[in-house]
Amino acid sequence: MTEDAPELRASDADRERVAEILRDALAEGRLDMEEFEERLEATYKARTYGELTPITRDLPATPAVSLTKPALQDGTWGHRIVGGEGTSSWAVAVMSGFQRKGRWTVPRRFNSLAFWGGGEIDLREANFADGEVVINCIAIMGGISVIVPPGVEVVMRGIGIMGGFDEREHDMSPDPAAPRVVVTGFAFWGGVEVAHKVTKAERQRLREERRQEHLDRRSARQELHAARQEWHHQRREERDRRRHGDY
(Lines give C-alpha, C1' and ligand atoms only; values in the text may rest on other atoms or scores of the structure.)
Protein backbone atom coordinates (compact mmCIF):
# COMPACT_ATOMS: atom_id res chain seq x y z
CA MET A 1 0.00 0.00 0.00
CA THR A 2 1.48 3.34 -0.95
CA GLU A 3 1.76 6.36 1.32
CA ASP A 4 1.20 8.93 -1.44
CA ALA A 5 -1.05 11.85 -0.48
CA PRO A 6 -1.93 10.53 3.01
CA GLU A 7 -4.30 13.42 3.72
CA LEU A 8 -6.60 12.67 0.80
CA ARG A 9 -10.02 11.38 1.77
CA ALA A 10 -10.53 7.63 1.29
CA SER A 11 -13.61 6.34 -0.54
CA ASP A 12 -15.87 3.41 0.30
CA ALA A 13 -14.17 1.45 -2.48
CA ASP A 14 -10.75 2.07 -0.85
CA ARG A 15 -12.02 0.78 2.48
CA GLU A 16 -13.55 -2.29 0.83
CA ARG A 17 -10.20 -3.15 -0.82
CA VAL A 18 -8.48 -3.06 2.57
CA ALA A 19 -11.28 -5.11 4.15
CA GLU A 20 -10.83 -7.75 1.44
CA ILE A 21 -7.11 -7.93 2.23
CA LEU A 22 -7.94 -8.50 5.91
CA ARG A 23 -10.43 -11.26 5.07
CA ASP A 24 -7.77 -13.01 2.99
CA ALA A 25 -5.26 -12.65 5.83
CA LEU A 26 -7.75 -14.18 8.28
CA ALA A 27 -8.38 -17.12 5.96
CA GLU A 28 -4.62 -17.71 5.57
CA GLY A 29 -4.01 -17.61 9.33
CA ARG A 30 -1.99 -14.39 9.26
CA LEU A 31 -4.48 -12.75 11.62
CA ASP A 32 -6.48 -14.26 14.45
CA MET A 33 -10.11 -13.32 14.93
CA GLU A 34 -9.41 -10.63 17.53
CA GLU A 35 -6.83 -8.88 15.33
CA PHE A 36 -9.12 -9.19 12.31
CA GLU A 37 -12.04 -7.56 14.16
CA GLU A 38 -9.86 -4.70 15.45
CA ARG A 39 -8.39 -3.94 12.05
CA LEU A 40 -11.70 -4.26 10.23
CA GLU A 41 -13.29 -1.79 12.64
CA ALA A 42 -10.37 0.61 12.09
CA THR A 43 -10.78 0.19 8.31
CA TYR A 44 -14.42 1.25 8.26
CA LYS A 45 -13.66 4.19 10.58
CA ALA A 46 -10.73 5.42 8.45
CA ARG A 47 -11.26 8.79 6.77
CA THR A 48 -7.96 9.26 4.91
CA TYR A 49 -5.39 7.19 3.05
CA GLY A 50 -2.94 7.87 5.87
CA GLU A 51 -5.26 6.10 8.32
CA LEU A 52 -5.72 3.11 6.00
CA THR A 53 -2.04 2.55 5.18
CA PRO A 54 -0.84 1.09 8.53
CA ILE A 55 -3.68 -1.45 8.71
CA THR A 56 -2.07 -3.86 6.22
CA ARG A 57 1.56 -2.76 6.51
CA ASP A 58 2.68 -6.00 8.28
CA LEU A 59 1.00 -8.39 5.83
CA PRO A 60 3.94 -9.27 3.52
CA ALA A 61 2.04 -11.63 1.24
CA THR A 62 -0.66 -9.06 0.59
CA PRO A 63 -0.55 -7.54 -2.90
CA ALA A 64 0.06 -3.82 -2.82
CA VAL A 65 -3.02 -1.68 -3.14
CA SER A 66 -2.52 1.75 -4.63
CA LEU A 67 -4.49 4.47 -2.91
CA THR A 68 -3.37 7.16 -5.34
CA LYS A 69 -6.19 8.55 -7.45
CA PRO A 70 -5.46 7.86 -11.13
CA ALA A 71 -5.16 10.93 -13.31
CA LEU A 72 -7.85 11.44 -15.92
CA GLN A 73 -6.66 10.86 -19.45
CA ASP A 74 -6.94 13.69 -21.97
CA GLY A 75 -8.94 11.34 -24.20
CA THR A 76 -11.85 11.76 -21.81
CA TRP A 77 -12.57 15.12 -23.45
CA GLY A 78 -10.31 15.07 -26.51
CA HIS A 79 -12.76 13.14 -28.66
CA ARG A 80 -15.47 15.74 -27.97
CA ILE A 81 -13.50 18.71 -29.33
CA VAL A 82 -14.17 18.06 -33.00
CA GLY A 83 -13.57 21.35 -34.86
CA GLY A 84 -15.84 22.51 -37.67
CA GLU A 85 -18.60 25.09 -37.64
CA GLY A 86 -21.12 23.54 -35.28
CA THR A 87 -24.55 22.14 -36.00
CA SER A 88 -26.42 25.19 -34.69
CA SER A 89 -25.19 28.75 -34.14
CA TRP A 90 -28.26 30.58 -32.82
CA ALA A 91 -31.65 30.16 -31.13
CA VAL A 92 -34.54 32.58 -30.55
CA ALA A 93 -37.63 32.33 -28.36
CA VAL A 94 -40.25 35.11 -28.61
CA MET A 95 -43.20 34.35 -26.35
CA SER A 96 -42.19 30.71 -26.77
CA GLY A 97 -39.25 28.44 -26.00
CA PHE A 98 -36.22 26.75 -27.53
CA GLN A 99 -33.95 23.80 -26.69
CA ARG A 100 -30.53 22.69 -27.79
CA LYS A 101 -29.70 19.36 -26.19
CA GLY A 102 -28.46 15.84 -26.85
CA ARG A 103 -25.75 15.11 -29.44
CA TRP A 104 -24.98 18.38 -31.17
CA THR A 105 -21.81 20.38 -31.89
CA VAL A 106 -21.44 23.72 -30.11
CA PRO A 107 -19.88 26.33 -32.46
CA ARG A 108 -17.15 28.72 -31.37
CA ARG A 109 -19.89 31.31 -30.74
CA PHE A 110 -23.55 30.55 -30.08
CA ASN A 111 -26.06 33.42 -29.90
CA SER A 112 -29.42 33.11 -28.14
CA LEU A 113 -32.36 35.40 -27.37
CA ALA A 114 -35.34 34.84 -25.10
CA PHE A 115 -38.05 37.57 -25.12
CA TRP A 116 -41.06 36.75 -23.00
CA GLY A 117 -40.00 33.15 -23.32
CA GLY A 118 -37.44 30.62 -22.21
CA GLY A 119 -34.54 28.64 -23.61
CA GLU A 120 -32.38 25.69 -22.59
CA ILE A 121 -28.83 25.13 -23.88
CA ASP A 122 -27.70 21.70 -22.68
CA LEU A 123 -24.01 20.88 -23.25
CA ARG A 124 -23.84 17.61 -21.28
CA GLU A 125 -23.80 15.36 -24.36
CA ALA A 126 -22.56 17.93 -26.87
CA ASN A 127 -19.36 18.05 -28.91
CA PHE A 128 -17.38 21.31 -29.20
CA ALA A 129 -15.98 23.07 -32.24
CA ASP A 130 -13.06 24.41 -30.19
CA GLY A 131 -11.44 24.20 -26.78
CA GLU A 132 -13.14 27.49 -25.86
CA VAL A 133 -16.67 28.40 -26.93
CA VAL A 134 -18.77 31.50 -26.26
CA ILE A 135 -22.47 31.27 -25.37
CA ASN A 136 -24.05 34.72 -25.81
CA CYS A 137 -27.37 34.98 -23.97
CA ILE A 138 -29.87 37.86 -24.17
CA ALA A 139 -32.85 37.42 -21.82
CA ILE A 140 -35.52 40.14 -21.84
CA MET A 141 -38.44 39.38 -19.54
CA GLY A 142 -37.52 35.75 -20.08
CA GLY A 143 -34.97 33.16 -19.02
CA ILE A 144 -32.15 31.10 -20.50
CA SER A 145 -30.62 28.07 -18.79
CA VAL A 146 -27.16 26.80 -19.74
CA ILE A 147 -26.37 23.28 -18.46
CA VAL A 148 -22.77 22.03 -18.48
CA PRO A 149 -21.32 18.69 -17.32
CA PRO A 150 -19.02 18.49 -14.28
CA GLY A 151 -15.40 19.30 -15.07
CA VAL A 152 -16.14 22.07 -17.59
CA GLU A 153 -14.73 25.49 -16.71
CA VAL A 154 -17.29 28.29 -16.96
CA VAL A 155 -16.41 32.00 -17.22
CA MET A 156 -19.31 34.40 -16.58
CA ARG A 157 -19.12 37.78 -18.35
CA GLY A 158 -22.76 38.79 -18.46
CA ILE A 159 -24.68 41.64 -16.86
CA GLY A 160 -28.01 41.53 -15.07
CA ILE A 161 -30.21 44.67 -15.07
CA MET A 162 -33.20 44.16 -12.81
CA GLY A 163 -32.50 40.52 -13.47
CA GLY A 164 -29.98 37.79 -12.74
CA PHE A 165 -26.87 36.46 -14.44
CA ASP A 166 -25.78 33.60 -12.18
CA GLU A 167 -23.80 30.38 -12.00
CA ARG A 168 -24.99 27.78 -9.51
CA GLU A 169 -22.33 25.79 -7.62
CA HIS A 170 -19.23 26.93 -9.50
CA ASP A 171 -16.87 24.01 -10.25
CA MET A 172 -13.72 24.77 -8.24
CA SER A 173 -11.62 22.01 -9.86
CA PRO A 174 -12.36 21.87 -13.61
CA ASP A 175 -10.79 19.18 -15.77
CA PRO A 176 -7.81 20.76 -17.60
CA ALA A 177 -8.63 18.68 -20.68
CA ALA A 178 -12.24 19.89 -20.82
CA PRO A 179 -13.37 22.82 -22.98
CA ARG A 180 -13.96 26.26 -21.49
CA VAL A 181 -17.40 27.82 -21.81
CA VAL A 182 -17.62 31.62 -21.71
CA VAL A 183 -21.16 32.88 -21.03
CA THR A 184 -21.76 36.51 -22.07
CA GLY A 185 -24.74 38.78 -22.69
CA PHE A 186 -27.25 40.44 -20.40
CA ALA A 187 -30.55 39.84 -18.65
CA PHE A 188 -33.17 42.61 -18.38
CA TRP A 189 -36.14 41.74 -16.17
CA GLY A 190 -35.11 38.16 -16.79
CA GLY A 191 -32.43 35.67 -15.93
CA VAL A 192 -29.53 33.68 -17.33
CA GLU A 193 -28.47 30.72 -15.19
CA VAL A 194 -25.60 28.24 -15.55
CA ALA A 195 -25.92 24.88 -13.79
CA HIS A 196 -23.47 21.96 -13.51
CA LYS A 197 -25.31 18.65 -13.82
CA VAL A 198 -24.57 15.06 -14.82
CA THR A 199 -26.67 13.31 -17.46
CA LYS A 200 -29.55 11.04 -16.47
CA ALA A 201 -27.49 8.02 -17.57
CA GLU A 202 -24.55 9.10 -15.40
CA ARG A 203 -26.88 9.80 -12.47
CA GLN A 204 -28.30 6.29 -12.82
CA ARG A 205 -24.78 4.80 -13.01
CA LEU A 206 -23.75 6.61 -9.81
CA ARG A 207 -26.95 5.46 -8.11
CA GLU A 208 -26.21 1.86 -9.08
CA GLU A 209 -22.62 2.19 -7.82
CA ARG A 210 -23.84 3.44 -4.45
CA ARG A 211 -26.39 0.61 -4.31
CA GLN A 212 -23.70 -1.97 -5.07
CA GLU A 213 -21.36 -0.49 -2.45
CA HIS A 214 -24.19 -0.74 0.09
CA LEU A 215 -24.77 -4.39 -0.83
CA ASP A 216 -21.03 -5.11 -0.60
CA ARG A 217 -20.82 -3.56 2.86
CA ARG A 218 -23.83 -5.53 4.03
CA SER A 219 -22.33 -8.73 2.65
CA ALA A 220 -19.04 -7.96 4.42
CA ARG A 221 -20.88 -7.46 7.72
CA GLN A 222 -22.70 -10.76 7.25
CA GLU A 223 -19.40 -12.52 6.51
CA LEU A 224 -17.85 -10.99 9.60
CA HIS A 225 -20.79 -12.09 11.73
CA ALA A 226 -20.57 -15.64 10.34
CA ALA A 227 -16.80 -15.72 10.97
CA ARG A 228 -17.33 -14.57 14.55
CA GLN A 229 -19.97 -17.22 15.11
CA GLU A 230 -17.69 -19.92 13.73
CA TRP A 231 -14.76 -18.72 15.85
CA HIS A 232 -16.86 -18.70 19.03
CA HIS A 233 -18.22 -22.14 18.15
CA GLN A 234 -14.70 -23.51 17.76
CA ARG A 235 -13.67 -21.95 21.09
CA ARG A 236 -16.63 -23.57 22.85
CA GLU A 237 -15.79 -26.97 21.36
CA GLU A 238 -12.18 -26.55 22.44
CA ARG A 239 -13.21 -25.71 26.02
CA ASP A 240 -15.59 -28.68 26.11
CA ARG A 241 -12.88 -31.06 24.99
CA ARG A 242 -10.52 -29.75 27.65
CA ARG A 243 -13.22 -30.00 30.31
CA HIS A 244 -13.88 -33.65 29.46
CA GLY A 245 -10.21 -34.54 29.35
CA ASP A 246 -10.00 -35.15 25.63
CA TYR A 247 -6.49 -33.61 25.56
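**A walk through the predicted chain**

Arg-124 is buried, with a relative accessible area of 16%; buried means under 20% relative accessible area, exposed over 50%, and partly exposed in between (1.4 Å probe, protein chains only). Arg-124 is placed in the loop between β5 and β6 (127-128). Its side chain makes a polar contact with the side chain of Asp-122 at 2.7 Å. A polar atom of the Arg-124 side chain also lies 2.8 Å from the backbone oxygen of Val-198. A polar contact is a pair of N or O atoms within 3.5 Å; within protein, one must be able to donate a hydrogen and the other to accept it, and residues adjacent in sequence count only if both atoms are side-chain atoms.

This is a predicted model, in which local features need pLDDT of at least 70 and side-chain atom pairs count only at pLDDT 80 or more, while totals for chains, interfaces and linings use all residues. Residues are numbered from 1 along each chain as its sequence is written, and side-chain values use heavy atoms, with hydrogens and water left out.

The chain has 5 helices and 13 strands. Helices (H or I, at least four residues) and strands (E, at least two) are DSSP runs, numbered from the N terminus. Of the 247 residues in the chain, 35% are buried. Among contacts between residues at least 6 apart in sequence, 67% join residues at least 24 apart, a contact being heavy atoms within 4.5 Å.

Helix α1 covers residues 12-27, and its 16 residues should span 22 Å at 1.5 Å a residue; the end C-alpha atoms are 23 Å apart, which agrees. The expected span is 1.5 Å times one less than the number of residues. Just after α1, Gly-29 takes a positive phi of about 85 degrees.

Among the strands, β13 (residues 191-196) runs parallel to β8 (residues 143-148), and 6 bridges join the two. Within this pairing, Ser-145 stands opposite Glu-193. Strand β11 (residues 164-167) is also parallel to β13, with 4 bridges between them, and there Phe-165 has Val-192 as its bridge partner. Two strands pair if DSSP finds at least two bridges between them.

The nonpolar interior comes next. In soluble globular proteins, nonpolar side chains tend to be buried together. A nonpolar core is a set of buried Ala, Val, Leu, Ile, Met, Phe, Trp, Tyr and Cys residues joined through side-chain atoms within 4.5 Å. In the largest core, of 29 residues, Ile-121, Leu-123 and Val-146 touch the most other members. At least two residues of this core come from each of β1 (90-94), β4 (109-115), β7 (132-140), β8, β12 and β13, and β7 gives the most, with 4 residues. Apart from this core lies another, of 16 residues, among them Ala-10, Ala-46, Tyr-49 and Leu-59. Leaving out residues up to four places away in sequence, Ile-121 touches residues including Phe-98, Trp-104, Phe-110, Ile-135, Cys-137, Ile-144, Val-146 and Ile-147. Arg-100, Ser-112 and Ser-145 are also among the residues that Ile-121 touches.

Charged pairs are the last topic. Side chains of opposite charge can pair when their charged atoms come close. The structure holds 7 salt bridges, each a side-chain nitrogen of Lys or Arg within 4 Å of a carboxyl oxygen of Asp or Glu. One of them joins Arg-39 and Asp-58 at 2.8 Å, N to O. This pair links distant parts of the chain, 19 residues apart: Arg-39 is in helix α2 (residues 33-45) and Asp-58 in the loop between α3 (49-52) and α4 (75-78). Arg-39 counts as buried at 17% relative accessibility, whereas Asp-58, at 47%, counts as partly exposed.

Another salt bridge joins Glu-120 and Lys-101 at 4.0 Å, N to O. Glu-120 lies in strand β5 (residues 118-122) and Lys-101 in the loop between β2 (97-100) and β3 (105-106), 19 residues apart. Lys-101 is partly exposed, with a relative accessible area of 45%.

Arg-180 and Glu-153 meet in a salt bridge of 3.2 Å, N to O. Arg-180 lies in strand β12 (residues 180-188) and Glu-153 in strand β9 (residues 153-156), so the pair ties together parts 27 residues apart in sequence. Both residues count as partly exposed, Arg-180 at 34% relative accessibility and Glu-153 at 30%. Together with Glu-132, these two residues are linked in a network of salt bridges.
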